Amino acid sequence: VAVDIRRWSPTFGRWFGTVLSEENNQQLWVPPGFAHGFLALRDQSHVLYKCTDVFIPKHDRALRWDDPDLGIEWPLDGIVPRLSAKDEAAPTLQRAEIFE
């Protein structure tokens, strides 16, 4: 899932989601100014990131995965997601640090 967090954008707060799998062999490019997240649907999932620059931890941010204002349609089918402490404490889009 990718969410537009550029306040000046006409698509601010909108999201796009797709399924990436070994079978469909697709990738998802997430441009600057977008938050991104994933739901692993199998126990043995691998997530690989291609980055345009070096990762700088102090610039890392989080966005609440179940923010009702975003309404992301996660394919949970009864799954209760396991979250990192950072993701558990993530703010909603209204409170998140965004691109101005």
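1. Glu-23 and Arg-42 form a salt bridge, with their closest N and O atoms 3.6 Å apart. (A salt bridge is a side-chain nitrogen of Lys or Arg within 4 Å of a carboxyl oxygen of Asp or Glu.) This pair links distant parts of the chain: Glu-23 sits in the loop between strand 2 and strand 3, while Arg-42 sits in the loop between strand 3 and helix 1, 19 residues apart. Helices (H or I, at least four residues) and strands (E, at least two) are DSSP runs, numbered from the N terminus. Both Glu-23 and Arg-42 are exposed. Here buried means under 20% relative accessible area, exposed means over 50%, and partly exposed lies in between (1.4 Å probe, protein chains only).

2. A word on what you are looking at: this is a predicted model, in which local features need pLDDT of at least 70 and side-chain atom pairs count only at pLDDT 80 or more, whereas totals for chains, interfaces and linings use all residues. Residues are numbered from 1 along each chain as its sequence is written, and side-chain values use heavy atoms, with hydrogens and water left out.

3. Now for other salt bridges; the whole structure has 5. One of them joins the side chains of Asp-4 and Arg-6 at 2.8 Å, N to O, and both of these residues are buried. Another joins Arg-64 to Asp-66, where the closest N and O atoms are 2.7 Å apart. Asp-66 is partly exposed, because its relative accessible area is 34%.

4. Two strands pair if DSSP finds at least two bridges between them. Strand 1 (residues 2-4) and strand 2 pair over 2 bridges, and Ala-2 has Phe-16 as its bridge partner in strand 2.

5. Phe-16 also belongs to a nonpolar patch on the surface, together with Leu-20 and Leu-28; their accessible area together is about 260 Å². Patches are made of residues with over 30% relative accessible area and no salt bridge, joined within 9 Å for like charges and within 5 Å for nonpolar side chains (Val, Leu, Ile, Met, Phe, Trp, Tyr). Areas come from the Shrake-Rupley method with a 1.4 Å probe, and for residues only the protein chains shown count as cover. Leu-20 counts as partly exposed because its relative accessibility is 44%.

6. Finally, look inside. The largest nonpolar core has 11 residues, among them Val-3, Ile-5, Trp-74 and Ile-98. (A nonpolar core is a set of buried Ala, Val, Leu, Ile, Met, Phe, Trp, Tyr and Cys residues joined through side-chain atoms within 4.5 Å.) Leaving out residues up to four places away in sequence, Ile-98 touches Ile-5, Arg-7, Phe-12 and Leu-93, where contact means heavy atoms within 4.5 Å.
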